[in-house]
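Hello,

Here is the structure I promised to pass on.

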Amino acid sequence: MTNQPTDPLGVIYTEWTEEFVANPQMSLRLMRWVFEDWQRATAEPEDVTYKSTEIGGVPGILVTPLTADPTQVLVFLHGGGFALGSSASHRKLAGHVAAACGAIGFVADFRRAPEHPYPAQLDDAGAVFDALVEAGIAAADISFVGDSAGANIAIATTLRLHRDEGRTPGLVMAISPWLDMENTGETLVSNDATDFLITREGLQGNIDRYLCGGASPVDPLVNPLYADFTGFPPLYITAADIESLYADATRLHARASEAGVDVTLEVAAGQQHVFPLQAGRLAAADQAIASMAVWYQARRTAGAHLHTSQTASA
């Protein structure tokens, strides 16, 4: 007996997979249209407004919960293997997370591969960060939130900002992170039957697109599993134990822990890749976002106390 999906996202992934199998020569253009359907898994959040705009020359959607603190900004970097997904596919997820955290959000439409291979995505994420700082938002009040490949971009951009500018966003949150550009994670095999979307072959196609400019799959800014996380800001990771990329999350947690980072890994049982996309439709997704918000507020409070203490001592 084959595994059958029991959640909205699993159903969507199964439908996509059937189409991919039936149309093995599906064009990238058509795949991009398919992945816009990601938003179907997410309920529309209440009391959130949206505006198409750009920050730092990067287009995207500004997400503003009615009760948000405008001095706190979440920069969302969407998943989709660096080639798929968009601000439209992720705006509702961003609305749920921003509302829970009490911050405004910006879902960036960074340039996608293969038309724009690495490091265009990091360049765009960095441009958004720099523009927000130039506009008066404190670096510590900016957080990166990324899912899947977007988590890779969030982490790699933070590493590069730390290296090149000596500053980083205050917090980073990674949902079902995809980091291993060597495509070797052990759960690609052990969880293949329970993950209704991810396949090693599909990942390799996206790796080839992302690195078609000649970057190495072991470059630490391409594959953060090779990075030195010393000086990295507090990091939150959530992933599902039955998804094919679960090993990326556990290895990231280990790398960050070894470097002394304030890192939290929360594991959801029996969920699909980027399961928080089911916000408003699945209890596990809502719980994950609530946990992210608790973590966010605790780190925000700790950071404010530290800043106040430093100011007083000065």
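**What I found**

Of the 314 residues in the protein chain, 54% are buried, meaning under 20% relative accessible area, with exposed over 50% and partly exposed in between (1.4 Å probe, protein chains only). Before the rest, please note that this is a predicted model, in which local features need pLDDT of at least 70 and side-chain atom pairs count only at pLDDT 80 or more, while totals for chains, interfaces and linings use all residues. Residues are numbered from 1 along each chain as its sequence is written, and side-chain values use heavy atoms, with hydrogens and water left out.

Along the principal axes, the C-alpha atoms fill a box of roughly 65 × 40 × 35 Å. Among contacts with a separation of 6 or more, 78% are between residues 24 or more positions apart, a contact being heavy atoms within 4.5 Å.

The protein chain has nine helices and eight strands, which are DSSP runs numbered from the N terminus (helices H or I, at least four residues; strands E, at least two). Two places may interest you.

Tyr 50 has Val 63 of E2 opposite. Two residues lie between the strands of this hairpin, and Gly 56 has a positive phi near 65°.

The other is helix H8 (residues 246-258). Its 13 residues span 19 Å from first C-alpha to last, close to the expected 18 Å, which is 1.5 Å times one less than the number of residues. Buried residues of H8 include Tyr 246, Leu 252 and Ala 256. What do the buried residues of H8 pack against? Their partners are helices H5 (149-165) and H6 (187-190) and strands E7 (235-240) and E8 (263-268). After H8 comes Gly 260, with a positive phi near 80°.

Finally, the cysteines. Cys 101 is buried at 1% relative accessible area, whereas Cys 212 is partly exposed at 45%. The count of disulfides is zero, where a disulfide is a pair of cysteine sulfur atoms within 2.5 Å.

Best wishes

Conventions: Pairing = 2+ DSSP bridges.
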